[in-house]
Amino acid sequence: MRIYLSNAGAISLREPLDFRRLDVLADPQPSDRLERAIARVGRREDERHIRLSPSVLRFLSKHAGDPQWEAGFSAMVDYAARHGWVDERGDIRAHMVVNERDDVVSVDDFKAAMRALPAGISAVSTGDGEQVAGMIVSSLTSISADPPMVGFFVQQTSSTRDALLRNGRFVANILGENHGGVIQAFLRQPQGPARFAQGGWVVNELGLPVLPDALASIECDIVCTEVLGTHDFIVGKMRKTACRQAQPVINFNAATHRIAPVRLQ
């Protein structure tokens, strides 16, 4: 089995049924990010070795509790202990390998491709009073109907990120063609009440700003955050929704567009 420390921020266990080896593969990444990833699975012993927690390996395997897997895992740990690779804390010594190649597209190529992806536009709002905060996103996506969940991405340098994590709640307000003023205010005004001067925002029973004429307003509790590259993926469990009839707009090629109805033959 192999722990994979992706430079996208994800940590996974590859080949969880292979008990003949245990090592760590890390993508090239800034040293501070790599050290944070290592701390999530164990601790660094030296430049080329990591001490891994068996409990983390069991969790990442997704096979914990299966009798056959547990037997193979116990045999692997016993083998490591007999060879002196398990310390007094029970952590297993593993060799770390740095992936020397990471063939990906350039930032410019990434942006060009994403500009070709039409996406709905939403105003995500959080906070209350003078601490209200919000951002425009085109990454809102459906995740699950049971339990009902949606998610979106927020850049780690975004002025909205800390407010979202501090409040633990948000409202995703899906925008339509009459919300140009809302979009411009969110993009141009500083965080705080000035950003909410357009659109006739109201406050719900939890104190969060809600856009009353949004195509849909989706009130959520944050139940999960995951660091992925330069962004955090925020997942919310939907507590309340309201829907209205309106014409949607989309983000395409770095501009806002109306959707023209098309009759299929």
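Me: Which way does helix 2 pass helix 3, in a left-handed or a right-handed crossing?
Reply: Helix 2 passes helix 3 in a right-handed crossing; a crossing is right-handed if the near helix is turned clockwise from the far one by less than a right angle, and left-handed if anticlockwise. Helices here are DSSP runs (H or I, at least four residues), numbered from the N terminus. The model is predicted, with local features needing pLDDT of at least 70, side-chain atom pairs counting only at pLDDT 80 or more, and totals for chains, interfaces and linings using all residues. Residues are numbered from 1 along each chain as its sequence is written, and side-chain values use heavy atoms, without hydrogens and water.

Me: At what angle do helix 2 and helix 3 pack?
Reply: Helix 2 (residues 54-61) and helix 3 (residues 67-82) pack at about 150°, and their axes are 12 Å apart. Axes are lines fitted to C-alpha atoms over the stretch in contact, and angles run from 0 to 180 degrees between N-to-C directions.

Me: Which residues make the contact?
Reply: Pro54, Leu57, Arg58 and Ser61 of helix 2 meet Trp69, Glu70 and Phe73 of helix 3, where contact means heavy atoms within 4.5 Å.

Me: Changing topic, how many cavities of 30 Å³ or more are there?
Reply: The structure holds 1. A cavity is a set of points on a 1 Å grid over the protein atoms alone where a 1.4 Å probe fits but cannot get out, and lining residues have an atom within 4 Å of a point.

Me: What lines the largest cavity?
Reply: Its lining is Arg169, Phe170, Leu206, Leu208, Glu219, Cys220, Asp221 and Arg239. Strand 15 gives the most, with 3 residues; strands are DSSP runs (E, at least two residues).

Note on methods: On a 1 Å grid over the protein atoms alone, a cavity is a set of points where a 1.4 Å probe fits but cannot get out, and a pocket is an open set with protein on both sides within 12 Å along at least five of seven lines; lining residues have an atom within 4 Å of a point. Grid points are joined across faces, edges and corners, and a volume is the space filled by probe spheres set on the points.
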